[in-house]
Amino acid sequence: MTIGLSPLLFLILIVYLLVNIGCFPLFNTKSGIYLVQDVLNACLTLVLSLMSFFLYSTTYMDTDRMSWEISIAEQKGIGFLFQTYPSSPFSALLLQVGVSTGNIKYVQMVGTFLFFFFAFAALSLIKRTYNLDPRTVLFSTLFLFQAINFVYIATNIRFWVALAISFFGVALSEFRKKAHQGTFLCLILFFGTASLLHFGVVPYICFYLVAQFLPNNAFICIVAFLSIYSVAFINILPILGNSTSPFLRDIALRGNSYFGLSSNYSTSWDGTQSNRQWALRFLILLLCIYCILQYYLFSRCRSNAPSTVYFKSVFALMVFTAGSYSSFSTLDRYTSALLLSCLPLISANLEGYFSNARQVCHDKSKTESISIHIFFIVLICALLFISWYWIAQWYSPYFFHFK
């Protein structure tokens, strides 16, 4: 039996929305609604993980390459996977799931579960720390679910799992009610795990760590631009490529690919993307820039606003993403990373809409009220458009096959 991906995801979205809204009148406290939302998110994680197991595609994805690697590893052993991923040994361990089970679908299922588990866990930390309105939480969750491509998560796996782990590490550091001495060790643990799973998250991690020490946004802006296109950075990659270390050579290979310096991967991948694909990434980028601007002008003085350090790291990530416009491989990944990082800022902005309290900067209450309503309308329109694009357009070659 074959079922299309688009109608099934749409049905799941409607059920999730109705059940979530239906619980609001049943509970008088936020804690009760929070609990229901956590249970629904756990159910959604399990359902999406199971769906990824039965997901089939008519187009090429990373899982096609991973299937070949798993078939070779079944003959040569796990050592082949470590040789294939010298800079990402945890990727070899993840693919070992497919070797042990003899089926790449189990890797898809585990990867999807890990992404949504860590993403929803981070949102749970944020909402409890800042005591967010349940409607803000619901809208943020829907935005996460709809704005990030489910097929990418299920079929590209490694980067998305590493990204979710990194985001959870940041949330653990930034959004816990009571930080303790073990927080730093946990941060190193999550960041180390993510970077050894996929090298592509290293810039994301570095921007957060460096933001702890940089004094202003102008300097971090310059650093972000230089980290992509400076002559020094481009010259480092060939040096690493000539190294005798497999670890450094692998970093150079992937750096050349992701930053558009190699014709074997990035250029060929970029050439397959339609103008609509590029336009959607730029739309998401502009939406994130608008969210950051709205937050900076009106929401950063709120008691439930993220720290200045976190804002600086998101700002650097925005500049990095904008600077990667020439490489679809980087732009594709980091528009999603930026969107995930903007969720706390989006939540702070939405609190101004759903909450009656107006804690404004510069005493511009009327201007803030108008701006917040415009922000809400823009966010709704963007969410509807992105949802339509994924469900009605992009997901059409994908289906579920039940034997």
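Keep in mind that the model is predicted.

Let's start with helix α2, which covers residues 30–53, and helix α6, which covers residues 104–130. Their axes come within 7 Å and cross at roughly 165°. How are the two helices arranged relative to each other? Angles over 145 degrees count as roughly antiparallel, so α2 and α6 are described as roughly antiparallel to each other. As for handedness, the crossing of α2 past α6 is right-handed.

Now look at the side of α2 that touches α6. Among the α2 residues in this contact are Y34, L35, Q37, D38, N41, L44 and F53. On the α6 side, the partners include Y106, M109, F113, F116, F117, F120 and R128. Sorted by class, this contact has twelve nonpolar, eight polar and four charged residues.

Helix α2 has another neighbour to visit, helix α7, made of residues 134–147. Here the axes lie 10 Å apart, and the helices pack at an angle of about 15°. Angles under 35 degrees count as roughly parallel, and α2 and α7 are therefore roughly parallel to each other. Once again we find a right-handed crossing, this time of α2 past α7. From α2, the residues K30, I33, Y34, Q37, N41, L44 and L48 take part, and they meet P134, V137, L138, T141 and F145 in α7. By class, the contact of α2 with α7 has eight nonpolar, three polar and one charged residues.

Next, find helix α3 (residues 62–76) and helix α5 (residues 89–101). Their axes come within 9 Å and cross at roughly 65°. What does that angle tell us about how α3 and α5 are set relative to each other? Angles of 65 to 115 degrees count as roughly perpendicular, so that is the description given to α3 and α5. The crossing of α3 past α5 is right-handed. In α3, the residues M66, E69, I70, A73 and E74 meet L95, G98 and V99 of α5. This contact has five nonpolar, one polar and two charged residues.

How values were computed
Residues are numbered from 1 along each chain as its sequence is written. This is a predicted model: local features need pLDDT of at least 70, side-chain atom pairs count only at pLDDT 80 or more; totals for chains, interfaces and linings use all residues. Side-chain values use heavy atoms; hydrogens and water are left out. Axes are lines fitted to C-alpha atoms, for helices over the stretch in contact, and angles run from 0 to 180 degrees between N-to-C directions. Helices (H or I, at least four residues) and strands (E, at least two) are DSSP runs, numbered from the N terminus. A crossing is left-handed if the near helix is turned anticlockwise from the far one by less than a right angle, and right-handed if clockwise. Contact means heavy atoms within 4.5 Å. Ala, Val, Leu, Ile, Met, Phe, Trp, Tyr, Cys and Pro count as nonpolar, Asp, Glu, Lys and Arg as charged, and the others, Gly among them, as polar.
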